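Please look over the chain below, starting with its domains and then turning to the backbone.

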Amino acid sequence: LEILVTILNMNDNSPVFKQMNLTKVVPEDTKVNATIVAREDLSASDADLDTISYELTTIVPGTDGYFAIKGVNSPEIYLQKALDYEKFKFTTLVLYARDRPVGSIDTTNTATITINIFIEQADTKSPWFLPCAFINMENNICISSPYTGRINISEMSTEPLILEPGPIYAIDPDYTLNEKIVYSIVGGNTDNVFSVDAGTGNLTMNKVVTSPDSYLLQVMATQVNNIQKYSIVSVEIKVINKSVYPPFFESRMYYGTVFVGLAPRSFVFHTGDTSSPLMITAADDDFPNV
């Protein structure tokens, strides 16, 4: 008597990952759709030779939607949305491997692997002139106001010019990199009147100005390691007449007369001449013809 015996495979083995934990460092400027963790590093094995189904979840709040797997049977993790170091610097993913499809009524065995991802800041931003104000917090855009200063006509200043709202100063907003910045004048410097210190941003004079015309300089801040990372700011320098003398009142004492019962905002008259409104006048020897 010949007896044929068939052995039925029982689902008595769980999927197995090569490792329980995995750590990846991902540059901030990684392109969308780029592979973050390769399939071979995440594929689980199953002694029962079942088809494995995968599911990826995000543990750290606020970091959902950045990473995904290629498909339910492909555990390769790719970047789904552009990264921003200012928004988050670290997240944790958990990849589930199941030997039955999600929702199956059959007994399902599950394995997990934890993937820790650290975001590495990249050189993505151009220099910011300070002070600046954020106009778009979502995109981390900070806009600076123009600088202003004054010089005296026909007078040579040997010190760095005093500017408002402060001295020319720019930073690298990719603060963990903090690349070195150099300054240069790229426009408005008629007759080469001004110079800017490449290292400090201090603005100085090369020659005397004899014309009352103002100057509107364009000053550029550039990263030393990447000349394509730069910003430009306007610097208005007004040319004024030097004020040597203080203003003075033309009389040391003024006398006025008012009448009882006058309405508010009525004129005060010169004492002794009630037909002439009292006028208080001042003069300045720097402006004798004014």
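**Backbone and domains**

Asn178 is exposed, its relative accessible area being 55%. This residue of the predicted model sits in the loop between β13 and β14 (181-187). Although Asn178 is not a glycine, its phi is positive, at about 50 degrees.

Leu49 is another non-glycine residue with a positive phi, here about 60 degrees. The loop that holds Leu49 runs between α1 (39-42) and β3 (53-58). With a relative accessibility of 76%, Leu49 counts as exposed, because the cut-off for that class is over 50%.

Two cis peptide bonds come next. One joins Leu130 to Pro131, with omega near -5 degrees, and Pro131 is placed in the loop between β8 (128-129) and β9 (132-136). Another joins Glu164 to Pro165, with omega near 5 degrees; Pro165 lies in the loop between β12 (163-164) and β13 (170-171).

The domain assignment divides the chain into domain 1 (15-120), domain 2 (128-240) and domain 3 (247-289). Taken over C-alpha atoms, the centres of domain 1 and domain 2 are 48 Å apart. Contact between these two domains involves five residues of domain 1 and five residues of domain 2. About 390 Å² is buried between domain 1 and domain 2, with carbon and sulfur atoms giving 36% of that area. On the domain 1 side, Tyr85, Glu86 and Lys87 lose the most area to domain 2, and together they make up 79% of what that side buries.

What classes of residue does domain 1 present where it touches domain 2? That side has one nonpolar, no polar and four charged residues. Across the interface of domain 1 and domain 2 there are zero salt bridges, and zero residue pairs are in polar contact where both are at pLDDT 80 or more.

Key. Residues are numbered from 1 along each chain as its sequence is written. This is a predicted model: local features need pLDDT of at least 70, side-chain atom pairs count only at pLDDT 80 or more; totals for chains, interfaces and linings use all residues. Side-chain values use heavy atoms; hydrogens and water are left out. Domain bounds come from an automatic or database domain assignment. Contact means heavy atoms within 4.5 Å. Buried area is the accessible area (1.4 Å probe) that two parts lose on being put together, summed over both. A salt bridge is a side-chain nitrogen of Lys or Arg within 4 Å of a carboxyl oxygen of Asp or Glu. A polar contact is a pair of N or O atoms within 3.5 Å; within protein, one must be able to donate a hydrogen and the other to accept it, and residues adjacent in sequence count only if both atoms are side-chain atoms. Ala, Val, Leu, Ile, Met, Phe, Trp, Tyr, Cys and Pro count as nonpolar, Asp, Glu, Lys and Arg as charged, and the others, Gly among them, as polar. Helices (H or I, at least four residues) and strands (E, at least two) are DSSP runs, numbered from the N terminus. Buried means under 20% relative accessible area, exposed over 50%, partly exposed in between (1.4 Å probe, protein chains only).
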